[in-house]
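Keep the 3D view open as you read.

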Amino acid sequence: MAALIGACGGQTERFGSNVSAVYRFGDVARADGIRSDDSRTWGATWNDFDSDGDPDLFTGRHWREPGFFINRGRHFTEYARDAVFERVADRHGCAWGEANADGRPDLYCVQGADKGEGRGPNQLFIQTATGFVESAEQFGVRDAYGRGRTVNWIDLDGDGDLDLFLGNHLRPGHPNTTYRNTGGHFERVDVGLSDELSTIGSSWADWDRDGDPDLLLTQLEPNPTVAYENVEGTFVPTEIPHATGKAWKSGAWGDYNGDGWPDLHLVSNTGSLVLRNRQGSFQVEHSISLNEGRMSAWLDLENDGDLDLYIVQGAESEDYQPVEGALDQPDLFLIRSRGGFIGPLRQSLRGESGGNGDAVAVADEDRDGSMDIFVSNGYFHSRGYPELLRNRSRSANWIGIDLQGPPANPQGIGARVHVETSSRSFWRQMTDGVTFRSQSEIGYFHLGIARNRVVTFEVRWPDGTRDCRTAVAAHVFIVEHGSLPCRRAG
C-alpha cells in the first residue's frame, strides 16, 4: 500500500478520450480523524447511513471493537452513540442494506464460529431514529453455527425488498445460507445456494441481462470458484470460462466499457484476470502476475467514462504465519483506455515493511468528483495501519447521482443508469458493492463524462420505474424514485 503516492512514474498518461491524467494520492486517514491501530481490519464499508450527502466509513476489525467514522466533510468523527458497536467479535465481513423497510439503512456482519468448533452469532444492526439496535435474533438471521465469511444484500425473488445471502466457510451441517425478507422478518429458504463450500468471498451482478441478480462465490484456495445463474428465483450452477473451476480469491463485477454487460475481474495469490462480457459470453481481456494478490475494486480514476482497477497485494505468509523478511507488496493500478488496459502502474505504490494488504473499498468520500480509496492493511500477521488515499489527481468532468429509492430499498440496489453524452453513451449497474469482505459505496453513482459539460441520464429502477433529466458537470443530482418521469418517445 502507498503511504503517499505521487505522480505515477512522474509521467502524464494520455487516454483515448483525449483526457490526460496525473495520478496523485495522499494518505489522510489519521490526519482526518480515522484513528486506528494495526489490528486485523478485515475489510471496510462506505455508506451514507445518515443521509447527509456524504459516505461514512465502517471497519469491521477482527476480534476488536469495530471502527465507525462519520464523514463531516473532509474530516471524520467517531460514532459514539451506541455501546452496541463496542462488542468485540469474530467479524469477517459487514455490508449495509435494508431489513425492515423504514428507509434507514441497516448493517449486517458475519462472524466465524471458533474455527468451526463453537458458535458465533451474526449481527444485524437495525438503525432507528435514535441509534442502532442489534436485532439478528429478532429478525431470525443469527446463523450462530455457520462460519461466516461474506454477506450480500440481494433481491433474490424480485419482490422489491432485500434478502440476505451468507457465505460460510466449510463446516458439516452448516452450509451457505439464504434468508428471504418477508417484511419485518426473515425466513431461511433453499433456493439452490445451500451448498457446503469453503466460501471466502461473494459478489453479484445481472451478468446475463435477464433482469435478476446472479452470484459468484470464491473459495479458500485451492478450491474452485463457483457461479450460479438466477432462473426465476432459483439459482442454478453455471460455468464462466476461465473463472469457474479455477481457484480465485476474489471476483469484482464492473462494466468497464459501459456496454451494459457487467465484466469480471478475478484475483488469486498469483494472478489478475479481466474477463470481458460479450452479451453473456466471457473472454480474456487482460492478465498479469501478482505477488500475494488479495482483491480489487473498479473505479473511474480519470473520469473518462471507463472503469479502471485498483488491486491490493499483501505480504507472503505460510499457514497464515509471516515469512521472515517478507514485505508488503506494492498495490497496482490497471487503467482502461481505448486500446485496452494499461499497466500495471505501480512505480509509486510501494509496499511497506510493516503491514499485510487485505482489502479495498472505494468512494468519492469528499464529493469533489474524484474517487478515493480506503485500503485495510491488517491481514493476519505483519499488520499495519489502514490508509485513506485521497485523490488529488487532475481529471476530467463528472456528475454524481444520489439515489433515493423506496423504503424497502432506499439505496436503489439493482438500479441501472444510462448516460448520454455528445460523443458516447454508457451504462452502470448498482449492486450491493460487496467483494471479499469489503463494500464500496452504494446508493451513489460517480460518473466520469470526459470533456462534456452537459449530459442526459436515465435511471431505471428495479421495479421498472424510469427517471430522466439533463445534468450539468461537477454537480450531484438527487434522484428520488419516480420523481423525474421520462418522456415517452414520440
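## Cavities, cores and backbone

The lining of the largest cavity is made up of 21 nonpolar, 13 polar and seven charged residues. In these classes, Ala, Val, Leu, Ile, Met, Phe, Trp, Tyr, Cys and Pro are nonpolar, Asp, Glu, Lys and Arg are charged, and the others, Gly among them, are polar. Please note that this is a predicted model, where local features need pLDDT of at least 70 and side-chain atom pairs count only at pLDDT 80 or more, while totals for chains, interfaces and linings use all residues. Residues are numbered from 1 along each chain as its sequence is written, and side-chain values use heavy atoms, with hydrogens and water left out.

Rolling a probe the size of a water molecule over the atoms shows where empty space is left. On a 1 Å grid over the protein atoms alone, a cavity is a set of points where a 1.4 Å probe fits but cannot get out, and a pocket is an open set with protein on both sides within 12 Å along at least five of seven lines; lining residues have an atom within 4 Å of a point. Grid points are joined across faces, edges and corners, and a volume is the space filled by probe spheres set on the points.

The structure has three cavities of 30 Å³ or more. Here are two of them, together with a pocket:

| Space | Volume | Lining by class |
|---|---|---|
| Largest cavity | about 700 Å³ | 21 nonpolar, 13 polar, seven charged |
| Second largest cavity | about 40 Å³ | four nonpolar, five polar, two charged |
| Second largest pocket | about 600 Å³ | nine nonpolar, 10 polar, 10 charged |

Around the largest cavity there are 41 lining residues, and those nearest its centre are Trp 253, Trp 298, Leu 307, Gln 429 and Thr 431. Among the elements that give two or more residues to this lining are strand S17 (199–205), strand S21 (250–254), strand S25 (293–299), strand S36 (425–429) and strand S39 (444–450). Strands here are DSSP runs (E, at least two residues), numbered from the N terminus.

The lining of the second largest cavity includes Trp 42, Phe 58, Arg 91, His 92, Cys 94 and Arg 437. Strand S5 (44–47) and strand S9 (91–97) each supply at least two of its residues, and S9 gives the most, with four. As for the second largest pocket, 29 residues line it, with Gly 211, Gly 414, Trp 461, Pro 462 and Asp 463 nearest its centre.

**A closer look at Gln 429**

Which strand holds Gln 429? Gln 429 sits in strand S36. Its relative accessibility is 22%, so Gln 429 counts as partly exposed (buried means under 20% relative accessible area, exposed over 50%, partly exposed in between, with a 1.4 Å probe and protein chains only). Beyond its neighbours within four places in sequence, Gln 429 is in contact (heavy atoms within 4.5 Å) with Trp 204, Ala 205, Asp 206, Pro 262, Ala 415, Arg 416 and Phe 445. The side chain of Gln 429 also reaches the backbone nitrogen of Asp 206 at 3.0 Å.

**The nonpolar cores**

A nonpolar core is a set of buried Ala, Val, Leu, Ile, Met, Phe, Trp, Tyr and Cys residues joined through side-chain atoms within 4.5 Å. The largest one has 63 residues, and those with the most contacts inside it are Phe 68, Tyr 108, Leu 124, Val 141, Trp 153, Ile 401 and Phe 457. Strand S10 (residues 106–111) provides the largest share of this core, four residues. Apart from it lies another core of 20 residues, including Ala 297, Val 312, Ile 373 and Leu 389.

Leaving aside neighbours within four places in sequence, the contacts of Phe 457 include Ile 399, Ile 401, Val 417, Val 419, Phe 477 and Val 479.

Most residues other than glycine have a negative phi, and most peptide bonds are trans. Where are the exceptions? A cis peptide bond joins Glu 221 and Pro 222, with omega about 15 degrees, and Pro 222 lies in the loop between strand S18 (214–219) and strand S19 (226–231). The bond from Gly 343 to Pro 344 is cis too, with omega near 15 degrees; Pro 344 belongs to strand S30 (residues 340–345).

Asp 114 has a positive phi near 55 degrees and is found in the loop between S10 and strand S11 (123–128). Asp 114 counts as exposed, at 52% relative accessibility. His 242 also has a positive phi, about 75 degrees, and its place is the loop between strand S20 (234–238) and S21. With a relative accessible area of 37%, His 242 is partly exposed.

Conventions: A polar contact is a pair of N or O atoms within 3.5 Å; within protein, one must be able to donate a hydrogen and the other to accept it, and residues adjacent in sequence count only if both atoms are side-chain atoms.
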